Structures are given as structure tokens and as C-alpha cells.
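Please keep the sequence and the 3D view side by side while reading.

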Amino acid sequence: MNCDHCDKPAVVHEIVIKGGDSKEVHLCAEHAIAAGYPLPAEQPLADIFPKLGSVAKVEAAKSKERSAKCAACGLTFTIFRKSATLGCPACYDAFMPMIEKVIESAQDGATHHLGRSPVGGAEIERVQNLRVKMMRDLEAAVAAEQYERAAKLRDELKALDSPSP
Amino acid sequence: MSQPFSAAMSQVGPDSDVVVTSRVRLARNISGFPFISRASNPVRQEIMRVVRRAVDQSCNGTDHDQGMRWIELQSAPSRDRILLSERHLVSRHFANSDGPRALALSNDEHSSIMVNEEDHLRIQFLCAGSRLSDAFKAAFALENALANCTNFSFHPRWGYLTACPTNVGCGIRMSAMLHLPGAQIMKETDRIKRAAKELHLAVRGYYGEGSESIGDFFQFSNQTTLGATEDALLEEFNGIVLPRLIGYEREARTAALARYRSRIEDIVFRAHANLSAARLLTADAATKDLSRMRFGVVMGLLPIELTTIQRLLLQVQPAHLSLIDPRSLESEEADREVRATYVRQELLRGTTDTK
């Protein structure tokens, strides 16, 4: 039996009778705690702690997001969130993880530019071809469990993605 | 600009029965400068100098070798700014905002560059009818010419960097202003809007972002700018989506006429009668009735030229009306009276011309 509110297995099962109607309630550990139910004694607490830990991690990441600031133009993440416009080209790297999400959701999951490049396009085309090759190599390295090589390729890919001066 | 009707908005072109105008707009920023929201007035002035130099240099030997007019909006009279916005050459926001900003405008008013709008440059080509591929070529020709004289901000992964991160990549916005009275009568507009959203198209009103639809005019534009080439985006919008929208509207018109002929004739002829008889007329009321008449004209119910309707749709707007007769600025009543008189005369002339 799964929890009424999510797909996790229910650990609390109750029949609530209210105004003559009876209703079955099935809750997982987290939703049971949230609803104020005491957990059954056999529920190992360790099962809950990792979840609480991950909540704390998400909170920490969120607070890091909120305090992010672009060193080049001084734009803060809070202002960006409000205006939805960036302050300068360097903001794209300063707010990278958040912007990645914004762009991917607005662009139907697209993650890379495939269109034209400014004059001097030959160099950019070379970089783009190189990226495609490195991404394939990285996939192959991971599949072959060559983790050192994969880490090196990942760093090189990151360096490729830094903006043009 | 003091010409009362030289703009793309008052002309006709291919598929004009449904497509009023086509537009391609490219967002570009000059590298080395912050985006507009973080740019002080002196920095904005500097951006304007860089763009003006690039425009002057790049115009030599291109379609624009007679030069582009340079209009600084912060010092332009308010009427000129409104004229530009009524002609859809600048956004309403750009016409009314503050700070140093300019418009470079070709003599035929098809090509223009908004300087210091949301991005440093918004390079635009606007023309009548369904001519997106022409607009596409012309906008990129101008962009290329400018790129030879200035560097645009570019990121190897994200493409052309824009102030709003959702425009990155190609930084291209292709739009078509459609007249959809058939869909409206058949109560299909909401369905079309929903379908458009599923195709990642934005549907906006007569004056673009944040404006409402007046007289069944809707602006459709692409929202995807990343992960595909410019040509692929054009092919999808111009080759697949737009023909379907046009076909859909034409079918709706035929079906509407077959089913509700008397009702449609009533709407069309009443609109004509209204505009031929009114003594006081607001811009919105005139636009609505002209839209109904436009439907009657393209369906062969009214013996009037489509160009007459298109021209009037522009001329009934307040700033354009004041070019024809400045007395319209004296009071609200004067504005309505001048509009009604002008439309009445023009319709009388338009009907006699075609007889």
C-alpha cells in the first residue's frame, strides 16, 4: 500500500471516522510526521534521516543560489529573479546552474547553440566540432569505467564553454 | 515619418487576406558592454555611438546605401514616438521608456534597428503580407553588415547572448500578424491559441507583448531560439506552422460563410454603415469596424480595395490622425470628430473609386 500523497510505501494506516463517515488514511514516514501522526515503533529512524539530510542539502543549495552575485556587473540573483533580465554577458557564468534550468525549460530542453556564429565563425565551428567529439569520448570513457580520463575530459569541456573575450 | 501612410502596416502582400505583416527581429548585444539594465546613461550613449558608427559604415554598398535615418527617442517629440509605435517599428515600451535610445530607420521603413531596447540592438525587417523568408534574408543581410564593423556578445555554448536568457542562441523572433475573424466566428480562437502554445509559439495582441487583441488581429511568433539553426527555425515557422494557420483560418471563413451568411453580412454591412455615418469615432471602435469590413472585403462582400482598409487601420490611430488634421489634438471630442469625418470621406472615395 502506497502513501496517499506520494509513491512511497505507507507506514501509518488508520481509519478516521468523522461525522459518521469513515475514511482510510495511508501515509509514508515523511507525510505521517508532517500530519502529526506518531510513527510505529519498528520504523527505523535511519530511514528518515537521509531524507531530512537531503532536505537540508536542497535548502543549502537554494541559499547559495540566493546569495550568488555577478562579479563583473554586481547583479544579484534576487534582482535577476525579479526582473528576469541579466546584467552582462558574465552573468551567464555567474548564475550558470540556475540559468541552465531557466534556458532548458524555456527552450524545450535544448542545451547548445546550433545556429550561426559571428564573423570569425570558422574558429567557433572548430570549437563546436571539438565539443561534439569530446562529449562522445566522455560517454565512452564513462562506459568503459575510465574515470580519470572522464574527469579530465569533463574539465576540458568546461574550459571550452567559457565565454569568448 | 510625417508621411501619413508609407509604412508596411498600410500595404498589402502575399496571403494578405490572412497575414497582415511579417517580421523578423534579431537580438544582439555589443561585446564589452553591460546589458541595458546595468548600463548607466553615459554607457548607453557610448553604445549608441558604436552602433551609429557601425550603421554608417555598414550601409555603404548595401540596400541601405542611401543611409538610415537616425532618430534619438529621448529627444524626439512625443508624437513622433507614438507614430513609430503605431507603425509597429518600435515597441510601446521603447517609445515610452526613459534614457538614451535610438532608432535607425531605412527610407522605405522596412528595415530598422532599435538601439538600447531590452538588448543593445534589435535588428528588424517588417513587411506587408506573408513574406517571412524575405524578411529573414533582409534582417540577416543588415545583421551581417553590422557584424563586419562591430563584435556581438557570443558564447560558445549559448550562442548570441541576450539580456533575457530565454532569447539566447539564434536570438531570432519571427512574427506574423494574422487577421482571424473566421476562427473568431467559429469560436476556434482559443483552440488555435492552445495549439500554438503547444508548438512553442507566443500569441500576442495588436501591439505585441502585453497588448490585447483588437479586431481579431493576433501576432504569432516563435519562442524557441536555441538548439536549432536559424534556417530550421524559419522552415518550421514559415514552411509548416504559418501555412497551417492560414489554411485553418480560410477553412473557418468558408465554413462560417456557409453556415452564418446572413449574420456575417449583417456584421460586415453594419460596420460599413457605421463608419460611413458616424460623426464621432474612437480609435478602438474604428479599428473594430475596419476589422469587420476587412473580413467583408477579403470575402468579396464589399467592393472596396484591401489597401484602403489597411491604410485606414493605420490612419485612425491617434498620432497618425493628428498628421492628417492637427485639430484632433485639441480635445477628446475633436479627436473623435476628426476621425469620423476622415473615415467617412475616405470610404465614400474608396467606394466610388472602384465603381
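## Chain A in outline

Read from the N terminus on, the elements of chain A follow the order β-β-α-α-α-α-α-α-α, so that its secondary structure comes to seven helices and two strands, where helices (H or I, at least four residues) and strands (E, at least two) are DSSP runs, numbered from the N terminus. This is a predicted model, in which local features need pLDDT of at least 70 and side-chain atom pairs count only at pLDDT 80 or more, while totals for chains, interfaces and linings use all residues. Residues are numbered from 1 along each chain as its sequence is written, and chains are lettered from A and ligands numbered from 1 in the order in which they are written.

Of the 165 residues in chain A, 15% are buried; a residue is called buried if 20 or more other C-beta atoms lie within 10 Å of its own, exposed if 12 or fewer, and partly exposed in between, with C-beta atoms placed from the backbone. Among the contacts in chain A with a separation of 6 or more, 23% are between residues 24 or more positions apart, a contact being a pair of residues whose C-beta atoms, placed from the backbone, lie within 7 Å.

## Two residues of chain A

Is A:Phe95 buried or exposed? A:Phe95, which lies in the loop between α4 (91-94) and α5 (96-106) of chain A, is buried because 23 other C-beta atoms lie within 10 Å. Leaving aside neighbours within four places in sequence, A:Phe95 is in contact with A:Ala68, A:Phe77 and A:Phe80. A:Phe77 is 18 residues away from A:Phe95 in sequence, and their C-alpha atoms are 7.4 Å apart in space.

A:Glu139, in helix α6 (residues 121-143) of chain A, is exposed, because it has 12 other C-beta atoms within 10 Å. From A:Glu139 to A:Leu153 there are 14 residues in sequence and 9.8 Å in space, C-alpha to C-alpha.

## The sheet of chain B

Chain B has an open sheet of eight strands in the order β2-β3-β4-β5-β1-β8-β10-β9, with antiparallel pairing; two strands pair if DSSP finds at least two bridges between them. Because β2 (69-72) and β9 (201-204) of chain B stand at the edges with a single partner strand each, one side of each is left without a neighbour in the sheet. From one strand to the next, the twist averages 20°.

Strand β5 (residues 121-128) of chain B has eight of its eight residues buried. In a regular strand the side chains alternate between the two faces of the sheet. Both faces of β5(B) are covered, with B:Leu121, B:Ile123, B:Phe125 and B:Cys127 on one side and B:Arg122, B:Gln124, B:Leu126 and B:Ala128 on the other. Strand β1 (residues 19-28) of chain B pairs with β5(B) in the antiparallel sense over eight bridges, and B:Val24 has B:Phe125 as its bridge partner there. Strand β4 (residues 111-115) of chain B also runs antiparallel to β5(B), joined by five bridges; B:Ser112 stands opposite B:Gln124, and B:Ile113 is the bridge partner of B:Ile123. The hairpin of β4(B) and β5(B) has five residues between the strands, and in this hairpin B:Asn116 takes a positive phi near 70°.

## Helices of chain B

The axes of helix α7 (residues 230-277) and helix α8 (residues 283-298) of chain B come within 8 Å and cross at roughly 130°, where axes are lines fitted to C-alpha atoms, for helices over the stretch in contact, and angles run from 0 to 180 degrees between N-to-C directions. That angle makes α7(B) oblique to α8(B), since angles under 35 degrees count as roughly parallel, over 145 as roughly antiparallel, 65 to 115 as roughly perpendicular and the rest as oblique. Residues that make the contact include B:Ile267 and B:Ala271 of α7(B) and B:Met293 and B:Phe295 of α8(B).

Helix α9 (residues 306-315) of chain B is mostly covered, with eight of its ten residues buried, among them B:Ile309, B:Arg311 and B:Leu313.

## Where the chains meet

How many residues of chain B are in contact with chain A? There are 33 such residues in chain B, and they are in contact with 31 residues of chain A. The side of chain B that touches chain A has 15 nonpolar, 14 polar and four charged residues, where Ala, Val, Leu, Ile, Met, Phe, Trp, Tyr, Cys and Pro count as nonpolar, Asp, Glu, Lys and Arg as charged, and the others, Gly among them, as polar.

How values were computed: Two residues are in contact if their C-beta atoms, placed from the backbone, lie within 7 Å.
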